[in-house]
Amino acid sequence: MPRFGVFRRSLTTRSVSTDLTLTKTFYYKQTIDHFNYKPESYATFKQMYLVNTINWKPGNFAPIFALLGAEAPLKYYDFGFLADIAPKFGALLVAIEHRYYGKSIPFGITQKEALKNATIRGYFNSAQALADYAEILLHVQKQFKAQDSPIIVFGASYGGMLASWFRLKYPHIAMGALASSAPILSSGNSNIPADALDKRTSELYKETSETCYMKIKESWTEIDRIAAQPSGLDTLSRKFKACKPLKNASVLKDFLHDVYFTAAQHDNPPEDPQLATMCGSIDGAKHGQNILGKIFSAVTLTTDTAKLHGNTCYDLDYTVVDDGWDWQVCSDMVQPFGSVNNDTMFPASPFSLKEYEDNCKSRYGVLPRPHWLATYFGDHGMPAVLKRFGSNIIFSNGLRDPGTIFGFTENISDTIVAVTTKEGSHCLDMGSGSDKDPKWLIKQRDTEVKIIRSWLHKYHHDHM
């Protein structure tokens with residue numbers, strides 16, 4: 001199953017508009033449990049947030065642009081798009097790290113230690129994270145004497161989900177939100193089939209090269225054939241240069257599945273044509289090279305796998321984030337994905353809630369809550385809910401990202417709008433701009449700026 005929701009695109013391109021090296025780091029004394037009044041709920045931990053004031057023009061309702069951290073440690077260069085547009089608005093930049101990631105892990109322990117403690121990890125969920133953001137943003141307004149400054153929140157992937165939810169749950173704090181590549185309907189409470197993600201991913205490979213698509217489709221049978229032989233797992237371990245011997249073929253299959261999905265998610269031709277690179281390797285392999293040799297050569301060319309252990313060996317249980325996201329998908333962020341039949345390039349693996357629950361129970365001792373997001377955020381029938389009660393949200397998507405099937409790609413109302421690009425990929429608009437950016441990406445970002453400006457214009461008018 002792909003680890004959907006992980007924002008893997010690097011934003012290390014430095015902004016040319018804002019000197020991010022002048023960003024300051026602060027720590028807020030955060031409440032561990034916002035929703036209970038037990039004595040232990042009042043415990044606190046240090047939560048990191050970053051502030052950049054280089055473009056800040058206090059007074060005259062200059063805005064605060066807040067990046068809501070997601071499932072990874074926060075870095076100052078993550079401001080990306082926000083840093084590029086801050087000079088246009090005289091904006092104060094804030095970025096808040098998600099609890100239990102990076103330097104914002106409670107009680108001075110590591111993430112792995114926190115996840116081993118049933119009581120401590122129980123405070124690790126999206127609702128608590130949103131309440132964290134609310135506290136810190138109100139604190140920042142006081143800290144910089146900016147109580148009259150409107151706040152707009154931004155987020156990418158899971159962070160985009162948080163941004164849109166924050167606008168709905170805390171409209172008195174955030175007057176707008178930009179949710180980039182937010183898989184808002186991915187929890188299984190919509191009418192989207194469980195195999196839709198695999199189908200869309202397969203279509204993108206087939207559009208790139210039907211030969212490549214078929215080779216990948218055929219490779220699963222070959223993996224099973226070799227795995228069934230005496231010492232077959234050792235053979236596969238050597239062929240894919242595994243750092244640790246494979247215990248079963250499923251580990252390799254899951255790894256490859258994740259690599260294929262990630263390459264499709266971040267495919268960005270011509271700058272980073274991951275599908276064309278991978279399929280070009282498979283289609284252009286040396287004559288006589290066996291099918292798994294072709295597959296191995298191709299996957300080692302992708303952005304994520306090429307960095308593994310200096311290419312000396314490959315951790316087939318590799319994940320971009322630590323175990324934080326594994327816990328989240330076993331609690332409130334349930335993601336019911338699978339392949340139902342053979343009309344994709346992936347092996348049939350229907351989603352089973354029972355197996356999903358058993359896995360989470362064995363790892364963490366709890367059952368996931370698959371319907372909680374729908375209850376708390378209104379996931380089921382959300383477009384109608386947003387149309388009646390929401391406003392000032394941008395849902396941006398690049399349609400080359402297979403995850404757009406879980407996003408909003410059409411306007412919901414005059415103020416809840418979809419900004420899409422046919423050529424775009426996952427969260428591409430949230431990165432810093434460069435002189436190599438194609439016209440369609442520049443246009444997408446310009447459209448987002450225009451919408452944000454209209455929100456602020458109305459805010460200024462209402463407060464005059």
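**Exercises on a predicted model**

The count of cavities of 30 Å³ or more comes to two, where a cavity is a set of points on a 1 Å grid over the protein atoms alone at which a 1.4 Å probe fits but cannot get out. This is a predicted model, in which local features need pLDDT of at least 70 and side-chain atom pairs count only at pLDDT 80 or more, while totals for chains, interfaces and linings use all residues. Residues are numbered from 1 along each chain as its sequence is written, and side-chain values use heavy atoms, with hydrogens and water left out.

**Exercise 1.** Describe the second largest cavity by its volume and its lining.

*Solution.* Begin with the volume, which is about 30 Å³ for the second largest cavity; a volume is the space filled by probe spheres set on the grid points. Next, find the lining residues (those with an atom within 4 Å of a point), which include Ser180, Ser181, Asn397, Gly398, Asp429 and Gln444. Finally, sort the lining by class, which gives two nonpolar, eight polar and one charged residues; here Ala, Val, Leu, Ile, Met, Phe, Trp, Tyr, Cys and Pro count as nonpolar, Asp, Glu, Lys and Arg as charged, and the others, Gly among them, as polar.

**Exercise 2.** Work out the order of the strands in the sheet, and locate the helices H4 and H5 on the sheet.

*Solution.* Trace the eight strands, which form an open sheet in the order S1-S2-S4-S3-S5-S6-S7-S8 with mixed pairing; strands are DSSP runs of E with at least two residues, and helices are runs of H or I with at least four. The edge strands are S1 (24–31) and S8 (416–421), each of which pairs on one side only, and the twist averages 20 degrees from one strand to the next. Then look at S6 (residues 174–180) and S7 (residues 393–398), which pair in the parallel sense over four bridges, where pairing requires at least two DSSP bridges. Alanine 179 stands opposite phenylalanine 395 in S7. Helix H4 (residues 126–143) packs on the sheet, touching S1, S2, S3, S4 and S5, and its direction makes about 125 degrees with that of S1. Helix H5 (residues 158–169) also packs on the sheet, touching S3, S5, S6 and S7, with its direction at about 155 degrees to that of S6.

**Exercise 3.** Explain why H9 and H10 are called oblique to each other.

*Solution.* Take the axes of H9 and H10, which come within 7 Å and cross at roughly 135 degrees; angles run from 0 to 180 degrees between N-to-C directions. H9 and H10 are therefore oblique to each other, because angles under 35 degrees count as roughly parallel, over 145 as roughly antiparallel, 65 to 115 as roughly perpendicular and the rest as oblique. The contact (heavy atoms within 4.5 Å) is made by Val259, Tyr260, Ala263 and Ala264 of H9 with Gln274, Leu275 and Met278 of H10. By class, this contact has six nonpolar, one polar and no charged residues.

Key. On a 1 Å grid over the protein atoms alone, a cavity is a set of points where a 1.4 Å probe fits but cannot get out, and a pocket is an open set with protein on both sides within 12 Å along at least five of seven lines; lining residues have an atom within 4 Å of a point.
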